[in-house]
Amino acid sequence: MAGLHLIQTYSSDSEDGHDEKKEDDHKIVNKLVLPASILSWKGVAYNEEVIDDPLDHDGRIRSFKHERGNWTTLIYISHAPSDCLRAWMSSVLNELPVQGNIISSLHISLSRTLVLKFHWIESFVEGVKLLCCKFDKFVVQLTDVRVYCNDEKTRTFLGIYCQDKDGALKCLTEAFDDLLAGYQLPSFYEDTSYHISFFWCLGDERARLKKLLPSLTSNLNTFLAENMEDAYVHVNDIHCKIGNKCYTFELK
């Protein structure tokens, strides 16, 4: 009986020791961190999954979630308006029946917002660069105010339509569409309306804002007649933003 008691005691002590060892191992595992060589592969920082909170972005909802290895991409023409044009845009807020915001960084989109894989970036950038080398610099004219809504109907925009008499914008987007097809990425919108969005609000507010378009367009045309230099956008280069990096390609 004494021997049996010793065996039981040994067994009990062993189990307790195993539990303690598992707990210690768990603590060690939790404290281990990945080495820098893995955290930053080919110069790209490793990031944990990002959970978006619309409250952090004025209520805006992302069209797609953050995923490691996916890079948000946009091809566009950047536009830096004069102080006078910015003042006109801000004055529009007083006429609107909805609450929203003036957009600080203005551009003309030449692609949808795309999702690019990391291993595509180098060849994609080179492809955009080669295409831009084939196009001449050109000018577009600002004409009237129009209303737009994103695909998800979560945001509505006011934009100034850009008239392209020579068709350069259409030729550019068609060339980019051919490039995108090679990566099985979506082409630009079929019902293309090149514009500079300057105001956004939450939800689908097209019906309410469309009623104001005649007066807003009249107001804009009066302003542009008095400030002719603001009526034109001189397109000398194309921008491509991938993640937080922006590439600029000059036209010939």
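1. Arginine 112 counts as partly exposed because its relative accessibility is 23%; buried means under 20% relative accessible area, exposed over 50%, and partly exposed in between, with a 1.4 Å probe and protein chains only. The model is predicted, so local features need pLDDT of at least 70 and side-chain atom pairs count only at pLDDT 80 or more, while totals for chains, interfaces and linings use all residues. Residues are numbered from 1 along each chain as its sequence is written, and side-chain values use heavy atoms, with hydrogens and water left out.

2. The side chain of arginine 112 meets that of aspartate 151 in a salt bridge, at 3.5 Å from N to O. A salt bridge here is a side-chain nitrogen of Lys or Arg within 4 Å of a carboxyl oxygen of Asp or Glu. Aspartate 151 lies in the loop between strand E7 (138-149) and strand E8 (155-163), and arginine 112 in the loop between strand E5 (106-109) and strand E6 (114-117), so the pair ties together parts that are 39 residues apart in sequence. Aspartate 151, at 47% relative accessibility, counts as partly exposed.

3. By this rule, the count comes to 5 salt bridges. Among them is the pair of aspartate 144 and arginine 146, at 2.8 Å from N to O. Aspartate 144 counts as buried, at 18% relative accessibility, whereas arginine 146 counts as partly exposed, at 32%. Aspartate 204 and arginine 206 also meet in a salt bridge, at 2.8 Å from N to O. Aspartate 204 is partly exposed, with a relative accessible area of 38%, and arginine 206 is partly exposed, with 27%.

4. Aspartate 177 deserves a separate remark. This residue is found in helix H5 (residues 168-181). Aspartate 177 is buried yet has no salt bridge, and the nearest side chain of opposite charge, arginine 112, is 7.4 Å away. For charge, Lys and Arg count as positive and Asp and Glu as negative, while His and the chain ends are not counted. Leaving aside residues up to four places away in sequence, aspartate 177 touches Ser187 and Phe188, where contact means heavy atoms within 4.5 Å.

5. The axes of helix H3 (residues 83-91) and helix H7 (residues 213-226) come within 11 Å and cross at roughly 160°. That makes H3 roughly antiparallel to H7; angles under 35 degrees count as roughly parallel, over 145 as roughly antiparallel, 65 to 115 as roughly perpendicular and the rest as oblique. Axes are lines fitted to C-alpha atoms, for helices over the stretch in contact, and angles run from 0 to 180 degrees between N-to-C directions. On the side of H3, the contact is made by Cys84, Leu85 and Trp88, and on the side of H7 by Leu216, Asn219, Leu220 and Phe223.

6. Proline 214 also has its place in helix H7. At 58% relative accessibility, proline 214 counts as exposed. Proline 214 and aspartate 144 are 70 residues apart in sequence and 8.8 Å apart in space, taken from C-alpha to C-alpha.

7. For the chain as a whole, the protein has 7 helices and 12 strands. Helices (H or I, at least four residues) and strands (E, at least two) are DSSP runs, numbered from the N terminus. Buried residues make up 34% of the 252 residues in the protein chain. Among contacts with a separation of 6 or more, residues 24 or more positions apart account for 79%.
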